[in-house]
Structure formats: structure tokens, C-alpha cells
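Here is a short briefing for a first look. Keep the sequence and the 3D view side by side as you read.

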Amino acid sequence: MFPTTPDASMVLVDGPWEHRFVAANGARFHVAEQGQGPLVLLLHGFPQFWWAWRHQMQALADAGYRACALDLRGYGASDKPPRGYDTRTSATDAASVIRSLGESQAVVVGHGWGGWIAWSMASLQPAVTSAVGSVSMPHPLVFRHASFTNARQARANGYLLGLQRPFVPEREMTVHGGYVQRLLREWASPRGIWPSLEEGRMYADAMALPFVAHSAAEYYRWVVRSQVRPDGWQFAKRVSGPVQVPVLQLHGEDDPAVLPEIMPTSRARCAGPFEAYEVPAAGHFLPEEAPDAVNAHLVRWLDGLHT
């Protein structure tokens with residue numbers, strides 16, 4: 001699918017969207033954009049890139065929204081600086097992208113790690129965050145608490161420990177694509193047919209781009225090591241208050257990475273409207289495993305926000 005020597009042009013996949021590069025927070029970010037209307041900023045998770053939202057972009061555009069799928073710092077065609085993989089910087093990145101796109105506010109929707117960032121923006125960047133949609137990720141403090149108190153979630157987090165090793169994860173994620181393709185299969189529902197060979201290869205090749213694997217690992221190194229550092233304590237304090245904006249939370253019935261049993265606890269973190277839905281026969285990668293269900297929930301929720 002891709003040439004032998006990888007470069008960032010690989011992720012500029014053709015489609016009904018337009019590719020843009022915007023300057024934000026001292027870096028250059030790649031955004032795929034489709035549709036016109038209120039802005040919905042889409043944040044992908046690990047180990048993917050903006051393309052994970054392709055099904056939602058079409059549905060949102062058809063429903064009258066401006067869907068912008070962002071390559072997070074260090075991923076895809078966005079810049080890959082050596083630093084800046086803490087959540088505070090990620091939230092600032094997203095807020096700056098929103099402003100660079102000419103908007104003062106946006107609904108922020110994230111999947112996996114992107115969902116962690118979306119939740120955090122309600123507290124760290126409230127001025128630009130009009131609502132939060134989180135797919136396959138509860139509130140950060142809910143996830144952190146479950147990681148220490150729920151034995152099943154602690155076991156599911158085994159990959160986090162593997163990513164703490166220096167150099168080894170980077171090599172595993174870039175050699176032959178086996179790490180990424182295995183993770184996609186293991187985190188997807190065993191009752192589904194996702195990912196296809198093409199999809200698995202697409203994500204594996206995107207992870208093999210120079211510096212992407214290191215950047216991806218750095219996000220998770222920060223989240224683990226920050227537990228015993230002042231910046232982690234400050235982050236926990238900042239996101240400990242009630243979320244004031246409307247929240248939509250979606251999760252898969254068969255998600256083995258973020259267990260469905262921990263998801264409902266997010267409701268207690270929300271002072272504003274909160275909706276949560278479990279999607280049957282789907283795993284961690286809901287936007288692609290169950291695109292019709294995600295699209296229906298997302299469009300209905302967004303329409304409710306804008307009526």
C-alpha cells in the first residue's frame with residue numbers, strides 16, 4: 001500500500017475531506033476537514049491516526065456539522081517534537097487548533113487516549129470546550145482509580161507497563177507491524193470482523209513513520225510516571241472538579257482494554273447533562289467496529305445540543 005521509505009504523505013488519504021495544516025501551540029498540526037456548520041473536533045486514540053474517524057466525518061458532514069479530525073502531536077502528518085506529551089499540553093494543542101480553525105468553541109470528541117484528552121479539556125480548556133464526547137474512555141480519574149482498585153482493569157493495563165521500557169516499545173511498534181496489528185485484533189470484539197487486512201496494515205505503516213512510535217509511547221510514559229510527580233498531582237487536582245458541559249460517553253460491550261464495568265462511574269464526575277450508551281458486540285475501536293451506532297448516537301446528541 002505504501003512506498004518502501006515511509007513519509008508523512010502516507011496518511012494524507014484521499015477522500016471527500018480536505019487536508020489542512022494549521023499552526024497551533026508552537027507546532028504544525030494536520031487536520032482532515034469535511035462539512036460546514038458547528039465545529040466538531042475529533043481526537044483519535046492509540047495506535048491510530050485521524051483516519052480512524054473517516055466514517056464519522058461523512059455522517060457529521062451530512063448532518064450539517066464541520067468535522068475536523070486531528071492528528072495528535074507526534075502522530076500522522078502533525079509535528080513530532082521531542083517533548084509535549086503530557087495531557088496539559090495535549091489540551092492546549094487542541095484548544096489552539098480550534099482557534100486556528102477560526103472558531104472560539106467546539107464540541108470535542110475523542111476515542112481512547114483522545115477521549116482522555118477530551119474529558120480533560122472540560123477542566124483545562126473550558127473556554128473553548130462546549131461539550132465532550134468520549135468513546136471507549138471514562139473520566140481520567142475514574143480510569144486511574146479503576147487501574148488501582150479493579151484487578152481486571154489492572155491486568156488489562158499490562159500494555160502500559162510494556163510501554164515504560166526505553167527503546168524496546170519503539171522497536172516493537174515499527175518492525176514488521178506485528179505489534180500494532182496484534183493490538184488491533186486483541187482489543188476488537190471477537191464477535192466482529194474488524195480490522196480488515198488493509199486497515200491493520202494502514203495503522204501499522206502509519207506507526208512506522210519516523211518518530212511516531214516514540215511519540216505514542218511518550219503519552220503513556222507520562223500518564224504512568226506522573227502518578228508520582230508534581231505535574232501529575234496538579235493535573236489530578238485540575239480535573240477533579242465537576243464537568244460542567246454536556247457529556248456523551250460511548251463504550252463497547254466487549255472492550256477488553258477499558259472495561260465496560262468501570263464506565264458508569266463517570267456520571268458522578270458530571271454536573272451537566274450526561275448520556276452513556278453501551279454498544280453491543282463491539283470492542284475498543286467503536287468508531288470503526290460499529291460506525292453506524294456511533295454515528296447515530298453522535299448525530300442525535302449533537303442535534304440536541306444545537307436545538
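F46 touches Y75, L163, M173, Y179, L183, W187, M207, A216, Y220 and F285, leaving aside residues up to four places away in sequence. The model is predicted.

**Nonpolar core**
- The largest nonpolar core has 107 residues.
- F46 and W50 have the most contacts inside this core.
- In soluble globular proteins, nonpolar side chains tend to be buried together.

**Aromatic rings**
- There are 18 aromatic pairs in the structure.
- F49 and W51 form a stacked pair, because their ring centres are 6.4 Å apart and their planes meet at 15°; stacking requires planes under 30 degrees apart.
- F49 and W51 are both buried.

**Charges over rings**
- W51 also has a charge over its ring: the charged end of R54 sits there, 3.5 Å from the ring centre.
- The charged end of R28 sits over the ring of F21, 4.1 Å from the centre of that ring.

**Helix α2**
- Helix α2 covers residues 87-100, which is 14 residues.
- At 1.5 Å a residue, α2 should span 20 Å, and its end C-alpha atoms are 20 Å apart, so the two values agree.
- Of the 14 residues of α2, 10 are buried, so the helix is largely enclosed by the rest of the structure.
- The buried residues of α2 are T87, T89, S90, A91, D93, A94, A95, S96, V97 and I98.
- G102 follows α2 and has a positive phi, near 85°.

Terms used:
Residues are numbered from 1 along each chain as its sequence is written. This is a predicted model: local features need pLDDT of at least 70, side-chain atom pairs count only at pLDDT 80 or more; totals for chains, interfaces and linings use all residues. Side-chain values use heavy atoms; hydrogens and water are left out. Rings of Phe, Tyr and Trp (its six-membered ring) pair if their centres lie within 6.5 Å; planes under 30 degrees apart count as stacked, over 60 as edge-to-face and the rest as tilted. Buried means under 20% relative accessible area, exposed over 50%, partly exposed in between (1.4 Å probe, protein chains only). A charge sits over a ring if NZ of Lys or CZ of Arg is within 6 Å of the ring centre and within 35 degrees of the ring normal. Helices (H or I, at least four residues) and strands (E, at least two) are DSSP runs, numbered from the N terminus. The expected span of a helix is 1.5 Å times one less than its number of residues. A nonpolar core is a set of buried Ala, Val, Leu, Ile, Met, Phe, Trp, Tyr and Cys residues joined through side-chain atoms within 4.5 Å. Contact means heavy atoms within 4.5 Å.
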